Amino acid sequence: MRTQVGIVGAGPAGLLLAHLLHLAGIESVVLEAKSRAHVEERIRAGLMEQGTVDILTESGLAGRLHREGLAHEGLELRFDGTGHRIDLKALTGKQVTIYGQQEVVKDLIAARLAYGGALHFDVEDVALHGLETDRPRITYDEAGEARLLDFYIIAGCDGFLGICRPAIPAGVLTAYDRVYPFAWLGILAAAPPASHELIYARHERGFALATMRSPKLSRLYVQCAPEESIDDWSDDRIWAELHARLARQDGADQVNEGPILQKGITAMRSYVVEPMRYGRLFLAGDAAHIVPPTGAKGMNLAIADIRVLARALEVFCRDGGTALLDGYSAKALARVWKAQRFSWWMTSMLHRFDGGDAFEHKVQVAELDYVCRSRAGALTLAENYVGLPFD
Ligand code: APR
Ligand code: PHB
């Protein structure tokens, strides 16, 4: 018997798909290039929309998330040295939750292993074949042995640098791409967050974000140049920039220092391919689109794609119906583009653009001021930030 669905990549997208399919009685195999320890320790995003929390809760995956996640009902926008609270809960009735992506991945892996689902780490040379046939295959090496599996459907959940998107013949996909002229330097520090809520700060020296992973762990970011190396940033320089950019006019200091446990630089890019499908291969998550992290949408979009794809696969595997599968790309892209717009807008509003003139600077501040003072402006930010409703 063929396994029904082959899933490449054990990030949030691939693992959640495997889980939802399991709940629907559909067998799948997950193939992951890295080790279990690597995917469980990789520090990524950390903010979940309420709809993301709901999907994990409904599928029985959110026990630890509800115990350890930090619910946030608002956020702060800081500019010209003054903080302005956006009350997400009052504006939308919804909240967001801080819970690290690698924690979601740990929970998903534990669930998969508990029910004995196929999940192979450390596989090499994954390649796709026969995508335009009804018998697509995956070849790979595991522990030095060549293997071949065939499926009804392949889900490409292997992230931005994976092999699934490039396996689609040239000319099929249209790519939309924007590379920003800056990057984020992120640190994880053993220091209690100075503010309970996230602070997004616009400053002449560049953007800064104060977020967290737990009551004892701060996650902090500063805008830097994309060509900079992490070696250019001593701990002292990082703290000095954070203090300067998060400074308030009233002199209150909102950065607690502590040992830096991890640091890294992330490029900023918006990217989408259309359609998110070729033959029997369906792309989901970062394999099909990435967003700059300013809107906190990366993991949420990956999970939203899977919500649509899992339903379509359930129908297909149950009775062969293809209508939902045929509609997958358009349905997923409608949400993707709204999240792209929001992430691009937040990024444009909050970052320092080198070479930007005084006019642009004034408009940026006016926009922030409008968002903070107008209910319509605040609501626009809030309803996108907590996640647009699913239809
Ligand atoms: N074969 C098998 N697995 C692969 C291959 C390959 N050739 N290439 C990449 N992978 C694996 C990666 O090691 C990774 O574990 O695919 C997985 C993709 O996971 P993610 O990058 O986490 O992507 P996704 O599940 O779509 O989640 C999107 O991740 O990058 C963040 O900000 C992004 O939060 C968003 C989330
Ligand atoms: C994070 O907690 O890592 C985080 C939160 C919000 C963002 C980006 C990153 O916009």
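Entry one. I noted at the start that this is a predicted model, and I kept in mind that most residues other than glycine have a negative phi, and that most peptide bonds are trans. I then looked up the peptide bond from Glu 274 to Pro 275 and found that it is cis, with omega near -10°. Pro 275 sits in the loop that runs between strand 17 (260–274) and strand 18 (277–278).

Entry two. I looked up Asp 122, which is not a glycine and yet has a positive phi of about 60°, and I placed it in the loop between strand 8 (118–120) and strand 9 (124–129). Its relative accessible area is 43%, so I wrote down Asp 122 as partly exposed.

Is Ala 296 buried or exposed? I recorded Ala 296 as buried, because its relative accessible area is 16% and the cut-off for buried is under 20%.

I turned to Gln 4, in the segment before strand 1 (5–8), which counts as buried at 19% relative accessibility. Among the residues that Gln 4 touches, leaving aside those up to four places away in sequence, I listed Phe 151, Tyr 152 and Cys 317. Glu 27 is also one of the residues it touches, and the backbone nitrogen of Glu 27 lies 3.1 Å from a polar atom of the Gln 4 side chain. Finally, I noted that Gln 4 and Leu 313 are 309 residues apart along the chain, while their C-alpha atoms are separated by 9.4 Å.

Note on methods:
Residues are numbered from 1 along each chain as its sequence is written. Chains are lettered from A and ligands numbered from 1 in the order in which they are written. This is a predicted model: local features need pLDDT of at least 70, side-chain atom pairs count only at pLDDT 80 or more; totals for chains, interfaces and linings use all residues. Side-chain values use heavy atoms; hydrogens and water are left out. Helices (H or I, at least four residues) and strands (E, at least two) are DSSP runs, numbered from the N terminus. Buried means under 20% relative accessible area, exposed over 50%, partly exposed in between (1.4 Å probe, protein chains only). Contact means heavy atoms within 4.5 Å. A polar contact is a pair of N or O atoms within 3.5 Å; within protein, one must be able to donate a hydrogen and the other to accept it, and residues adjacent in sequence count only if both atoms are side-chain atoms.
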